[in-house]
Amino acid sequence: MISPELNFNLFTSDLSHYFKNQVKVGLFGSGVGLSAVLGFSAAYACYYLISVAKKPILIAGGKKFHQFIKYQQYELITAPDGGQISLDWFDNDESASHPDQSMRPTVLLLPGLTGTSRESYILHMVQQSRDLGYRMMLANYLGRKGSEVRLKGVVVFSAGWDVFECTASLEKPLDRFLFNSYLTSCLQASVDRHRTILEKKYDIDHVMKAKTIREFDERFTSVMFGYPSNDDYYRDASPIHKIKSVQVPMLCLNAADDVFSPNHAFPVEAVKQNPNVALLITCHGGHIGFLEGLWPRQSTYMDRVFRQFTKAVFENGSSLDDLH
């Protein structure tokens, strides 16, 4: 058994405490991790692979009622600081390749901004994991932590590597019209739903007048998380500064035409300096898209990368024990 060495931040201590004490995780190979920070507007589609996890068992006398509970409910964890972590599970009990639940590999997904288990790209990942015989857990939570979170590999899709460049790209006239204004209104709507609580500490009327994501972050996100300035928040929220700390296998997929993550800000040189990181760049694909064909309703290039890398990590991960 190889002890994981993670010198970068992943998950908060609250989530780590939950995994340590409530979701027992077994190790079958090297651990992994990824440094990333998620604010209200710095969203990264991150998919983390962990080994084996256990969860509460559901018992019901009728199959129909059992399925209703299983597919309509989710697990809600309240952290010591009052925050909440939502967990959606896909157990894959019909797995032929891993029938023993205690030994079934688990894929942990952390979606991007406002992502849920009903997003199409998430459902595609669920299907790929089902075909491979793996279990899947989706957590609507991302923070910081270290070595207690034991992972085997990481694959990241459409990361916004430099938040300064990401927001600048979205402020170009056409992109501001197509994306920025709409996303800002979505963020404002999420704040407005909790206005009665938030307005006790923040100037919500000022927040609701923001016209861009940058203005929203200046008036709310950076203030809420206690940053001296929005620049400090954006600097801390940019994964490009954390690549040097990654000590385990991490595959990153980005498209050169992603307006949310402009290609001139891809961390090419930083990746070259770290033997544990690989960056795969396509000419087209947009942001978490990578659609193919005239009628792109089936699996995408992103799905194939996810499937191949996940399977390789779980089944042949020992060959990656020492990448230096």
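Helices (H or I, at least four residues) and strands (E, at least two) are DSSP runs, numbered from the N terminus. By that scheme, Phe-177 sits in helix α5 (residues 173–192).

This is a predicted model, in which local features need pLDDT of at least 70 and side-chain atom pairs count only at pLDDT 80 or more, while totals for chains, interfaces and linings use all residues. Residues are numbered from 1 along each chain as its sequence is written, and side-chain values use heavy atoms, with hydrogens and water left out.

**Nonpolar cores**

- A nonpolar core is a set of buried Ala, Val, Leu, Ile, Met, Phe, Trp, Tyr and Cys residues joined through side-chain atoms within 4.5 Å.
- Buried means under 20% relative accessible area, exposed means over 50%, and partly exposed is in between (1.4 Å probe, protein chains only).
- The largest nonpolar core has 24 residues. Those touching the most other members are Val-107, Leu-109, Met-125, Met-136, Phe-157, Met-302 and Phe-306.
- At least two residues of this core come from each of β6 (106–110), α3 (120–132), β7 (135–139), β8 (151–157), β9 (250–255) and α11 (301–316).
- Helix α11 gives the largest share, six residues.
- Met-302 is in contact (heavy atoms within 4.5 Å) with Tyr-121, Met-125, Phe-157, Leu-253, Ile-288 and Phe-290, leaving out residues up to four places away in sequence.

**Salt bridges**

- A salt bridge is a side-chain nitrogen of Lys or Arg within 4 Å of a carboxyl oxygen of Asp or Glu. Side chains of opposite charge can pair when their charged atoms come close.
- The count by this rule is 11 salt bridges.
- Arg-195 and Asp-205 form a salt bridge through their side chains, at 3.1 Å from N to O. The two residues are 10 apart, with Arg-195 in helix α6 (residues 195–198) and Asp-205 in helix α7 (residues 204–207).
- Arg-195 is partly exposed, at 21% relative accessible area. Asp-205 is also partly exposed, at 47%.
- Glu-269 and Lys-272 form a salt bridge, with their closest N and O atoms 3.5 Å apart. About one helical turn separates the two, because they are three residues apart in helix α10 (residues 268–272).
- Lys-272 is exposed, at 59% relative accessibility.
- Asp-192, Arg-195, Glu-199 and Asp-205 belong to one network, joined by salt bridges that share partners.
- Asp-236 and Lys-242 form a salt bridge, with the closest N and O atoms 4.0 Å apart. Asp-236 is partly exposed, with a relative accessible area of 22%, whereas Lys-242 is buried at 17%.

**Aromatic pairs**

- Rings of Phe, Tyr and Trp (its six-membered ring) pair if their centres lie within 6.5 Å; planes under 30 degrees apart count as stacked, over 60 as edge-to-face and the rest as tilted.
- The whole structure holds seven aromatic pairs.
- The Tyr-233 and Tyr-234 rings are a tilted pair, because their planes lie at 45 degrees, with centres 5.4 Å apart.
- Tyr-233 is buried, at 1% relative accessible area. Tyr-234 is buried too, at 0%.
- Phe-164, Tyr-227, Tyr-233 and Tyr-234 are linked into a cluster by ring pairs.

**Surface patch**

- Patches are made of residues with over 30% relative accessible area and no salt bridge; like charges are joined within 9 Å, and nonpolar side chains (Val, Leu, Ile, Met, Phe, Trp, Tyr) within 5 Å.
- Accessible areas come from the Shrake-Rupley method with a 1.4 Å probe, and for residues only the protein chains shown count as cover.
- Leu-174, Phe-177 and Leu-178 make a nonpolar surface patch of about 360 Å².
- Phe-177 is exposed, at 67% relative accessibility.

**Single residues**

- Asn-92 is in the loop between β5 (84–90) and β6. Its phi is near 60 degrees, a positive value in a residue other than glycine. Asn-92 is buried, at 7% relative accessibility.
- Ser-158 is in the loop between β8 and α4 (163–170). Its phi is near 55 degrees, again positive in a residue other than glycine. Ser-158 is buried, at 0% relative accessible area.
- Thr-221 belongs to helix α8 (residues 213–224) and is buried, at 0%. From Thr-221 to Val-207 is 14 residues in sequence and 9.7 Å in space, C-alpha to C-alpha.
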